[in-house]
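Here is a short briefing on one structure. Look over the chains before reading on.

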Amino acid sequence: MRITNNMLSRNLLRNLENAQGRMDILQNQMSSGSRILKPSDDPVAVQNALRLKNSISAVEQWKNNADEAIQYMNNCDGVLENISSMLQRVRELAVQGANGTLSAEDRNAVSLEVDQLQEQLRLAANTQIGSKYIFSGTQTDKELQKWDGVNWTWQGNDQEIRFEVGSNVSLPISVNGQTLFKTPLTGVSGMFDTLSSLSSAIKTNDTTAVEDSLKNIDGNIDNVIAHLTDLGARTNRMTMLREQMNTMSSNLQQNLSDIQDADIAKTMIDFTNSENVYKAALSVGAKIIQPSLVDFIN
Amino acid sequence: MPSTFFGLEISRRALQTQQLAVDITGHNIANASTVGYSRQIADIQAAVPWPMTENGHSISLGTGAVLDNIVRARDAFVDRQYRWETSQQQYWAVKQETLQNIEGLVNEPSDNSISSDLSNFWNAWSDLAKNPDNMGARAVVRERALTLTDSFHYMAQQVDDLQKDQDASVRVKIRQINDDAKQIRELNIQIKNAEIRGDSPNDLRDKRDGLVDDLANLVGVRVTETRDSAFSDRQVNNYSIIIGNDSASPPQVLVDNCLVNLLQEPEAAGPDGKPFAAVCWAEGSKAGAALDLGEKKGSLQANIEMRDSYLPTFRGQFDSLAQGIARAVNILHNTGQGLTVSSGIDFFTLSDGSSPTAASPVTAATITLNSLIKENSGMIVTGLNTDDSGSPLTEVVVGDGRVAQALASLASGWTALQEQIQEHVFDPLGADDLNPVPAASFGDYYGANIAQLGVDGQQANRMKEGQDALVTQISNQRESISGVSLDEEMTNLVKFQKSYTAAARMVTMMDDMLDTIVNGMGITR
């Protein structure tokens with residue numbers, strides 16, 4: 001083949017461009033830390049990466065939701081514990097009141113404490129977390145117990161508040177205020193009714209009524225404990241779900257990294273290789289471009 | 001016997017011939033780096049011998065050398081291969097360039113793309129579902145929705161602009177083809193005139209070949225050069241160029257000798273109703289007919305394909321995505337109420353604020369957040385607007401996040417939602433079929449489209465790379481035949497110079513000989 005000067009310089013230029021192009025690609029990969037910079041670099045990997053990113057984003061969101069749910073349920077748990085201990089105190093007072101030997105003043109004092117506890121329980125029923133009334137179902141802007149100037153009235157509904165913690169998985173995180181305070185187990189009257197009748201029964205020294213109230217108080221205590229157990233079970237489940245999601249999230253991150261991250265060591269070595277090629281091409285170029293027969297003829 | 005001065009005549013011819021050869025070498029050296037230049041070779045032939053009769057028979061006595069012709073080192077077959085391959089190379093080059101533009105546009109994979117805008121949008125709904133009465137969470141949903149619609153608008157706008165760029169390229173290229181055709185015709189006339197005179201106009205031919213090379217970048221070309229039968233005693237050629245599909249009938253002749261058929265670019269509605277330039281013949285037997293471009297040849301065709309099919313399809317995918325999102329979100333959004341009792345409103349509307357319908361769905365360019373929501377994020381629907389028995393609510397239930405939750409769950413698909421709709425948990429009026437896009441989820445649909453773009457880009461890259469290699473190889477082959485090698489020219493220069501010196505020496509010697517005859521012969525002392 002006949003070789004001309006133009007051919008030499010053009011081939012040299014093309015090879016230099018190729019070497020530089022390779023260096024550019026590797027440099028981009030190194031500086032971005034990513035193997036895939038545009039869809040055409042690896043279409044299948046890009047599609048997988050997009051899917052993984054969507055999944056990661058969803059799992060992170062569910063993790064946030066679960067964290068918030070756990071916090072919320074822990075707060076509810078505290079309130080329920082509080083209610084339970086108040087009822088225990090009411091029970092002690094009822095037992096005292098059932099003892100017919102108390103003086104009228106003592107009975108008055110006991111009845112007063114029961115009234116105070118009832119007030120306290122109403123406050124508990126209207127507990128807010130943030131701006132939400134936690135026992136009002138989904139009517140979170142309404143307190144469960146409302147004083148209309150004459151009577152206490154009930155508000156709220158028995159709808160669950162559910163948090164989404166998975167693909168089509170949503171768990172109830174709320175405690176039903178209606179079944180907790182208003183309509184406990186069958187045959188047991190509501191918490192506030194029980195306390196009101198207890199208070200007046202102690203005042204009037206009606207021991208049979210006090211005995212009845214005692215039964216209702218036990219029923220209410222059982223009811224609160226049942227709600228606590230239920231809440232605890234759900235909290236456990238939520239905690240487990242969050243742990244699962246932690247694992248899932250790190251697995252997904254790992255997969256994404258496997259797909260799209262550049263192998264730094266390999267990229268580095270490849271880069272050094274192309275750099276050497278480039279340098280070699282440059283030095284050879286400097287040698288072949290210059291001399292021709294022109295330089296040797298006088 | 002030849003004349004006494006015959007030797008001088010041979011020397012004169014030799015001097016003249018070598019001098020011309022040196023000039024030709026000089027011309028080559030001067031054009032060593034001229035694009036499209038073919039090196040020229042002095043075709044030195046022995047002159048017609050002089051027959052003399054000696055000893056009763058005829059002897060041909062050599063009469064020296066003459067410059068018979070100046071030949072151009074060129075291979076028509078390599079030219080044809082070169083044009084064939086550059087046509088394809090340029091086709092893929094434009095495809096590659098446009099696809100790279102689109103890839104830059106979608107900006108995937110990154111954290112700044114429609115994909116991430118979508119994720120953020122669904123996550124905002126999930127946050128709102130937890131706190132439906134929280135104005136902050138509502139504002140976030142509104143802002144995410146605005147970001148998403150802005151991204152869709154940007155994408156539609158950019159694809160439109162790309163389409164316009166392609167159209168501008170088409171127009172420029174048609175003019176370029178016409179210009180080239182006119183210049184080739186001029187050269188045809190000049191070359192033919194020269195050929196009739198017996199000349200071989202090498203540099204004009206180089207110029208014409210260069211123009212045809214340019215033309216091959218734009219469209220597929222086929223050159224036919226046949227001998228003109230009107231001139232039997234000398235080489236006079238007819239030169240014609242067919243462009244586009246070379247098997248079209250009647251043939252699509254751009255230039256035929258001194259005739260030229262130009263193209264025109266009438267504005268016509270393209271496949272998606274936009275006024276784009278059509279490519280038609282303006283003159284000749286095919287006047288008015290569209291130019292048949294054939295198979296994947298030339299950058300013009302790539303521009304037209306991108307403009308008329310690829311980009312509209314690409315934008316169509318974003319239109320479907322926008323349409324699907326708007327449809328699914330609206331169906332669910334209409335089943336609920338926000339911070340005020342309402343019978344449900346659209347979340348997304350057309351750009352004029354009207355409700356999207358099956359007949360006039362939203363597109364990527366027109367998807368818009370409902371202006372009521374834009375002004376008051378309390379209008380964002382979070383809960384159902386019916387109670388458990390299905391009768392409408394009279395009072396807002398602010399803590400109900402079921403609709404927001406359903407919207408958030410669209411992120412991972414709609415199979416479960418579909419069941420809930422069939423069980424009448426959500427009771428969308430008149431529409432119980434979600435299935436907004438043909439995929440398992442919006443993310444999957446989008447991902448598949450991006451992967452398709454990647455596959456197309458990869459194909460263009462590979463084809464371009466392959467064509468580059470072929471063109472390089474053929475260019476080298478062409479350069480090997482036609483290129484100027486300085487070493488060779490210097491060698492020739494030395495050769496011709498020495499021949500010239502030798503011929504001059506011959507003159508001196510002849511002078512000596514004549515001196516002997518004129519001054520030395522017949523003189524006695």
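Which residue in β7(B) does S240(B) stand opposite? S240(B) stands opposite D256(B). This is a predicted model: local features need pLDDT of at least 70, side-chain atom pairs count only at pLDDT 80 or more, and totals for chains, interfaces and linings use all residues. Residues are numbered from 1 along each chain as its sequence is written, while chains are lettered from A and ligands numbered from 1 in the order in which they are written.

**Strand pairing**
- Chain B has eleven helices and 16 strands (DSSP runs numbered from the N terminus: helices H or I, at least four residues; strands E, at least two).
- Strands β5 (residues 221-227) and β6 (residues 237-243) of chain B pair antiparallel over seven bridges (pairing needs at least two DSSP bridges).
- E225(B) has Y239(B) as its bridge partner in β6(B).
- β6(B) also runs antiparallel to β7 (residues 253-256) of chain B, joined by three bridges.

**Overall shape**
- The C-alpha trace of chain B spans about 155 × 45 × 35 Å along its principal axes.
- Chain B has a radius of gyration of 39 Å, whereas a compact globule of 525 residues would have one near 24 Å (taken over C-alpha atoms; the globule rule is 2.2 Å times the number of residues to the power 0.38).

**Cores**
- The largest nonpolar core has 114 residues; A69(A), F135(A) and W125(B) are among those touching the most other members (a core is a set of buried Ala, Val, Leu, Ile, Met, Phe, Trp, Tyr and Cys residues joined through C-beta atoms within 7 Å).
- Helix α2 (residues 43-98) of chain A gives the most to this core, with 18 residues.
- Buried residues make up 41% of chain B (buried: 20 or more other C-beta atoms, placed from the backbone, within 10 Å of a residue's own).

Technical notes. Buried ≥ 20, exposed ≤ 12 C-beta atoms within 10 Å, placed from the backbone.
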